[in-house]
Amino acid sequence: MRYAIQAEGLVKRYGETRALDGVDLLVPQGRLLGVLGPNGAGKTTAVRILATLLRPDGGTASVGGFDVARQAHQVRSLIGLTGQYAGVDETLTGVENLVMIGRLLELSRADARARAAELLERFELTHAGGRAAKTYSGGMRRRLDLAASLVGRPQVLFLDEPTTGLDPRSRTELWSVVRDLMADGVTVLLTTQYLEEADQLADDIVVFDHGRVIASGTSDELKATTGAQVLEVRPLRPDHLDLVVQVVADVIAEVPTVTGGKAVASVRDPAVVPAIVRRLDDLGVVASELSLRKSSLDEVFLALTGHPAEDRQADAKEEVFA
Amino acid sequence: MTTMTVPAPAPAKRVGLSAGFRQTMTLTWRSLVQIKHNPMELLDLSVQPVMFLLLFTYVFGGAIAGSTEDYLQFALPGLVVQNALFATLTTAIGLNTDITKGVFDRLRSLPIARTAPLAGRIIADTAKQLWALFLFLGIGTILGFRIQTGVAGVLGAVALLLAFALAMSWMSVLIGLKAKDPEKVQIFAFSLMMPLTFTSNAFVPTDTMPGWLQVWVDVNPVTQLADAVRGLLIGGEVAGPAISSLLWAAALAVVFAPLAIRAFRSRT
């Protein structure tokens with residue numbers, strides 16, 4: 001299999017802190033890798049190295065078979081980059097922003113204009129094409145930024161937290177654009193703080209924490225790797241809840257947590273379910289709900305890192321742009 | 001967007017010279033085209049020169065030189081120099097804005113000549129310098145300033161000012177790359193440029209200044225440049241101050257160009 005993105009042992013230090021501490025990444029052509037992690041986990045640093053904006057202190061990386069350090073120019077002609085902050089010139093109009101990129105990429109004036117019109121149409125910005133980008137809403141600006149990164153028809157696209165700070169509608173719109181790109185065969189590396197986003201879009205997910213990859217796999221694999229499945233039991237009669245807790249604790253040798261009238265516990269061995277059912281039956285307790293499900297990505301993340309994934313505070317700050 | 005799947009030809013290893021030139025011109029266009037739909041920008045460029053010219057001439061003129069006409073004749077070259085130095089900082093502000101807004105990263109992620117973003121900006125800023133010079137001479141003439149030399153003198157003055165401004169723009173590039181945000185650039189610019197331009201003979205004769213200050217005033221590049229521009233526009237000694245100005249320009253370039261290039265590279 002050919003890999004569009006390959007990274008081995010990437011290290012980047014800023015003084016004492018290691019922003020990246022030996023990161024390996026492999027993205028097969030045409031796949032979408034979701035890089036999931038909280039703020040400061042090193043996601044953006046990794047993207048900046050792969051997009052030739054930053055030199056690593058250690059390790060190697062290649063994009064489309066070209067080394068990001070020694071063959072940066074070739075890498076640049078294959079990639080598109082959409083950063084956390086929309087990289088558009090706010091004093092220029094939407095059209096001018098895209099024409100500028102087209103001209104820089106050696107399109108003729110007419111071709112650059114045609115390409116700009118095509119992309120504005122695709123991103124539903126045609127009506128705003130003649131207006132300065134500073135008059136755009138957060139969602140429009142982000143779409144223009146994404147359009148700008150597509151002018152050169154990149155084979156590999158880096159999307160660094162493309163939906164951070166967007167309202168839910170703009171977010172879903174952007175997701176559908178990303179899916180279209182996938183259908184065109186573009187390889188995508190997407191960083192996100194949102195588990196749902198990774199779950200929705202990514203073929204494969206790597207989880208970053210403190211500059212390291214702490215887990216990787218498909219969404220399903222990750223949900224399975226913590227080993228745990230989630231058992232939930234709700235008694236029909238609320239006063240039976242204590243009995244249920246007692247039974248579950250006896251069977252799995254761990255006290256379940258009680259939330260919303262349910263006993264919730266993580267279990268590794270599915271065989272506990274029939275045992276619990278038998279014991280409850282013996283005691284005459286009727287369960288109105290009894291389920292065993294895979295952990296959600298949220299739960300996986302919490303189990304892996306010991307802290308929740310989404311940085312709500314950072315979100316609130318970013319929301320201003322939306 | 002079906003064309004996406006068409007395999008691209010093997011990418012070139014580097015940017016050719018003519019492509020690099022076209023990219024620089026595209027980025028020059030980018031810096032200047034804003035003026036087209038925002039004519040206020042041109043006004044911004046013009047307000048300060050005109051205001052300084054009017055204020056200095058009519059507020060200080062009589063007190064300093066006895067008459068506003070005499071003062072204008074003396075001070076216009078100094079004001080031209082001051083404005084040119086301040087204007088070099090538009091490079092820093094523009095560059096810094098690009099960095100904080102992410103435009104700089106976008107440009108650096110494109111397969112274009114590494115120097116194009118810098119060169120494009122500096123060429124555009126040089127064009128803005130020319131506009132301000134033109135404005136100074138135009139309004140100055142309306143107010144009563146008289147060029148005493150000729151076309152060669154004026155062209156010489158313009159060339160000298162642009163050469164000096166270009167050398168200064170290396171410092172500006174360094175500031176633009178290092179500053180945290182555009183506001184910091186403004187503050188830094190003000191606290192550097194105000195004392196630099198005022199401790200010179202740009203606006204006043206220096207003989208009433210204390211001796212220790214005169215020592216500095218005499219070597220201050222602003223004094224040298226103001227003297228040279230005076231000589232080129234209204235007559236007087238040219239060679240001495242012009243050579244000093246060029247030496248200063250060379251020194252600034254020698255010190256700041258490597259620092260700026262290093263700062264630029266470390267971002268690359």
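Among the contacts in chain A between residues at least 6 apart in sequence, 68% join residues at least 24 apart, two residues being in contact if their C-beta atoms, placed from the backbone, lie within 7 Å. This is a predicted model, in which local features need pLDDT of at least 70 and side-chain atom pairs count only at pLDDT 80 or more, while totals for chains, interfaces and linings use all residues. Residues are numbered from 1 along each chain as its sequence is written, and chains are lettered from A, with ligands numbered from 1, in the order in which they are written.

| Property of chain A | Value |
|---|---|
| Secondary structure | twelve helices and 14 strands |
| C-alpha trace along principal axes | about 80 × 45 × 40 Å |
| Buried residues | 47% of 322 residues |

The contact between the chains takes 31 residues from chain A and 25 residues from chain B. On the chain A side, helix 2 (72–76), strand 6 (79–82) and helix 3 (94–104) each supply at least two residues, and helix 3 of chain A gives the most, with four residues.

In chain B, helix 3 (residues 68–101) bends by about 40 degrees at Ala75(B), with a proline, Pro77(B), following within four residues; the bend is the angle between axes fitted to the seven residues ending at a residue and the seven starting there. Helix 3 of chain B is mostly covered, with 26 of its 34 residues buried, and just after this helix Gly102(B) takes a positive phi of about 90 degrees.

Definitions and conventions: A residue is buried if 20 or more other C-beta atoms lie within 10 Å of its own, exposed if 12 or fewer, and partly exposed in between; C-beta atoms are placed from the backbone.
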